[in-house]
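Subject: Structure handover and notes

Dear colleague,

Here is the structure I said I would pass on. My notes on it follow below; please read them with the model open.

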Amino acid sequence: MYPIKRNRRLRTNEAIRSLVRETIISPNDFLAPLFIVEGKGIKEEIASMPNYYRFSLDLLEAEIKLLWKLGLKSVLLFVKVPDHLKDNKGTEALNPDGLMQRAIKTVKNICPDLLVMTDVALDPYSSFGHDGIIENGKIANDPTVKVLAEMSVSHVQAGANFVAPSDMMDGRILSIRKALDHENFIDAGIMSYSAKYASAFYGPFRDALDSAPAAIKDIPKDKKTYQMDFANRNEAIRETKMDIDEGADIVMVKPGLSYLDIVRDLRNEVTVPIAVYQVSGEYAMLKAAAEKGWLDHDAVMMEQIIAIKRAGADIIASYFAKDVIKILNQ
Ligand code: PBG
């Protein structure tokens, strides 16, 4: 009690502050998302994600080597699929020589020790931009799950260490685990987007991959019949526990900053590693505010990243990964 206790004593200078600091970040905390396109010599900036790029395979080497040099040891791959290869069933997702499969091999060739995780969902392959196959005016759960399981096997065959299903179909983790085990890929892991909300923060990502959902007949132009309602907390616990029972090695909350209450709830409920995805819209917001001179980019970025870890994240997927590490290394 005051005046015996004075909390400011532990804040007197940077030495004491760093001694008692509760949350420390390092390169080990990060998963770096990478966007890949067909073609040659392409490094194109994504309009709504300043300083973030799509790379063609031939230009990946410099980027991968830079990540590794910075101490970033894990990447999460996304591909932008050419329109003429898109259909309702995501057929191209299973092409053993498809862009994702070639990207996995390319990255593993450049840096065999880098941990390669792949996004598993149909939306970049779907002519409708949805994460599932459309049948009778609905996103059909079980037929989609079948494709996701085959897609996962195909990614692991190409050399992926982990698959990251981001689709939110029911039962996909169990089906993927069974399919991987059936092929004897017992060491291939699953990072499940367990509590993934139907969020407007994914906008810039959908620009990056040209994968925005379309409205078709009875299906609305959003993902609310499969991604979670952002008003819900208990549902996140239910979803996550089911995914763990079905075989998820790592679970994820997405988006990040507006959902840190969910991260803390899960931290108190489960013991598997928790990943948080600080998504494209969160990245875009800070970039835009900093561009206007309204926020100090680096200071706010570090504050947000620390907040995500403080909430309970073990792993942070973030477009800021490189920028954060550069600051840590200064
Ligand atoms: C694909 C997928 C999305 C994101 C990651 N995987 C988009 C979506 O579900 O519509 C969003 C990532 C981001 O916004 O940074 N299912």
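Aspartate 265 touches Arg233 and Ile237, leaving out residues up to four places away in sequence; contact here means heavy atoms within 4.5 Å. With the arginine 233 side chain, the side chain of aspartate 265 makes a polar contact of 2.9 Å. A polar contact is a pair of N or O atoms within 3.5 Å; within protein, one must be able to donate a hydrogen and the other to accept it, and residues adjacent in sequence count only if both atoms are side-chain atoms. Aspartate 265 sits in helix H8 (residues 260-269). Helices (H or I, at least four residues) and strands (E, at least two) are DSSP runs, numbered from the N terminus. Aspartate 265 counts as buried because its relative accessibility is 18%. Buried means under 20% relative accessible area, exposed over 50%, and partly exposed in between, with a 1.4 Å probe and protein chains only.

Before going further, two notes on the source. This is a predicted model, in which local features need pLDDT of at least 70 and side-chain atom pairs count only at pLDDT 80 or more, while totals for chains, interfaces and linings use all residues. Residues are numbered from 1 along each chain as its sequence is written, and side-chain values use heavy atoms, with hydrogens and water left out.

Glutamate 235 is in helix H7 (residues 234-246). Apart from neighbours within four places in sequence, glutamate 235 is in contact with Met228 and Asp229. Between glutamate 235 and tyrosine 125 there are 28 Å in space, C-alpha to C-alpha, and 110 residues in sequence.

Next, the ligand. Which residues come nearest to it? Of the 18 residues around the ligand, these are Lys196, Lys223, Lys254, Ser280 and Tyr319; a residue is counted as near if one of its heavy atoms lies within 4 Å. A side-chain N or O atom of lysine 223 is 2.7 Å from an oxygen atom of the ligand. For serine 280, a side-chain N or O atom is likewise 2.7 Å from a ligand oxygen atom. Lysine 254 has a polar side-chain atom 3.4 Å from a nitrogen atom of the ligand. Taken alone, the ligand exposes 400 Å², and the protein buries 100% of that; accessible areas come from the Shrake-Rupley method with a 1.4 Å probe, and for residues only the protein chains shown count as cover.

A cis peptide bond joins lysine 254 to proline 255, with omega about -5 degrees. Proline 255 lies in the loop between strand E10 (250-254) and H8. Alanine 198 is 56 residues from lysine 254 in sequence and 9.3 Å from it in space, C-alpha to C-alpha. Alanine 198 belongs to the loop between E9 and helix H6 (203-209), and it counts as buried because its relative accessibility is 12%. Not counting residues up to four places away in sequence, alanine 198 touches Lys223, Lys224, Gln227, Met228 and Phe230. Another cis peptide bond joins tyrosine 2 and proline 3, where omega is about 5 degrees; proline 3 is in the segment before helix H1 (14-19).

Now strand E8 (residues 162-165). Both of its faces are covered: Phe162 and Ala164 on one side, and Val163 and Pro165 on the other, are all buried. E8 pairs in the parallel sense with strand E5 (residues 115-120) over 4 bridges, and two strands count as paired if DSSP finds at least two bridges between them. In that pairing, alanine 164 of E8 is the bridge partner of aspartate 119. E8 also pairs with strand E9 (residues 189-196), again in the parallel sense, over 2 bridges. There, phenylalanine 162 stands opposite glycine 189 in E9.

In helix H11 (residues 321-329), the buried residues are Ala321, Asp323, Val324 and Ile325. They pack against strand E1 (30-37), helix H2 (60-70), helix H9 (280-291), helix H10 (297-311) and strand E12 (315-318).

Two backbone angles remain. Asparagine 51, in strand E3 (residues 49-56), has a positive phi of about 65 degrees although it is not a glycine. Asparagine 184, in the loop between H5 and E9, also has a positive phi, near 65 degrees. Asparagine 51 is partly exposed, with a relative accessible area of 42%, whereas asparagine 184 counts as exposed at 58% relative accessibility.

Regards
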